[in-house]
Amino acid sequence: MLTLINMLEIRSDFLTVNLNKLVALMQSRAEKILNTEYGITYSQFLVLHTINTLHSPTQQNISVCLNITGAGISKIIEKLLPIGFITREVNVTNRRANIIQLTKKGKRIIDSALQRLEKEFDKKISVTDKKIMSDITNTTIVNLLKTYEK
């Protein structure tokens, strides 16, 4: 049976293939940590992180940022509401657009989860490699996003 770990043994000279493998492994590890330690999925984590970053976005804003359908975002939000991580309010200027906000509990969870995932990543890479990779990767990703959005 082919697993994510076995995928690493299949060598490739293609950057896109190798990056995809790395992202898949990191997401898989993050999913396990988030489920076990915080009781949330990776998708829920991404929504919480996006809400935290955008500060009171609409559901549509979250959908666009994460490239998830409106129905998909609604489903995730419906699961986060009863556990008290977020609130949803009707936008007074556009009644069809719900505004989503983190609660104090949601803010504590996302801050803690971000630190925990960063700590896990730090265990896997040297400080020097992380700095080099961060500088190169962030610049490259921004440039690629601009190219692909055209």
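This report describes helices, loop residues and salt bridges in a predicted model.

## Basis of the model

Residues are numbered from 1 along each chain as its sequence is written, and side-chain values use heavy atoms, with hydrogens and water left out. Because the model is predicted, local features need pLDDT of at least 70 and side-chain atom pairs count only at pLDDT 80 or more, while totals for chains, interfaces and linings use all residues.

Helix 2 (residues 15–38) has 24 residues, and the distance from its first C-alpha to its last is 33 Å, close to the 34 Å expected at 1.5 Å a residue; the expected span is 1.5 Å times one less than the number of residues. Helices (H or I, at least four residues) and strands (E, at least two) are DSSP runs, numbered from the N terminus. The buried residues of helix 2 include K21, L25 and Y38, where buried means under 20% relative accessible area, exposed over 50%, and partly exposed in between (1.4 Å probe, protein chains only). Just after helix 2, G39 has a positive phi of about 70 degrees.

In helix 5 (70–80), the buried residues are I73, I76, I77 and L80. They lie on the same side of helix 5, because they cover an arc of only 100 degrees around the axis, the arc being that of the directions from the helix axis to the C-beta atoms. On the other side of helix 5, A71 and K75 are exposed. The cover over the buried residues of helix 5 includes helix 3, helix 4, strand 1 (86–90) and strand 2 (98–102), with contact meaning heavy atoms within 4.5 Å.

## Loop residues with positive phi

H55, although not a glycine, has a positive phi of about 60 degrees; H55 sits in the loop between helix 3 (42–54) and helix 4 (59–66) and is exposed, at 61% relative accessible area. N67, likewise not a glycine, has a positive phi of about 55 degrees, lies in the loop between helix 4 and helix 5, and is exposed at 73%.

## Salt bridges

The whole structure holds six salt bridges, each a side-chain nitrogen of Lys or Arg within 4 Å of a carboxyl oxygen of Asp or Glu. One of them joins R88 and E78 (2.6 Å, N to O); R88 lies in strand 1 and E78 in helix 5, so the pair ties together parts that are 10 residues apart in sequence.

In helix 6 (residues 104–124), D111 and K107 are four residues apart, about one helical turn, and their side chains meet in a salt bridge at 3.2 Å, N to O. E120 forms a salt bridge with K123, with the closest N and O atoms 3.1 Å apart; E120 is buried at 6% relative accessibility, whereas K123 is exposed at 58%. Salt bridges that share partners join R29, E37, R116, E120 and K123 into one network.
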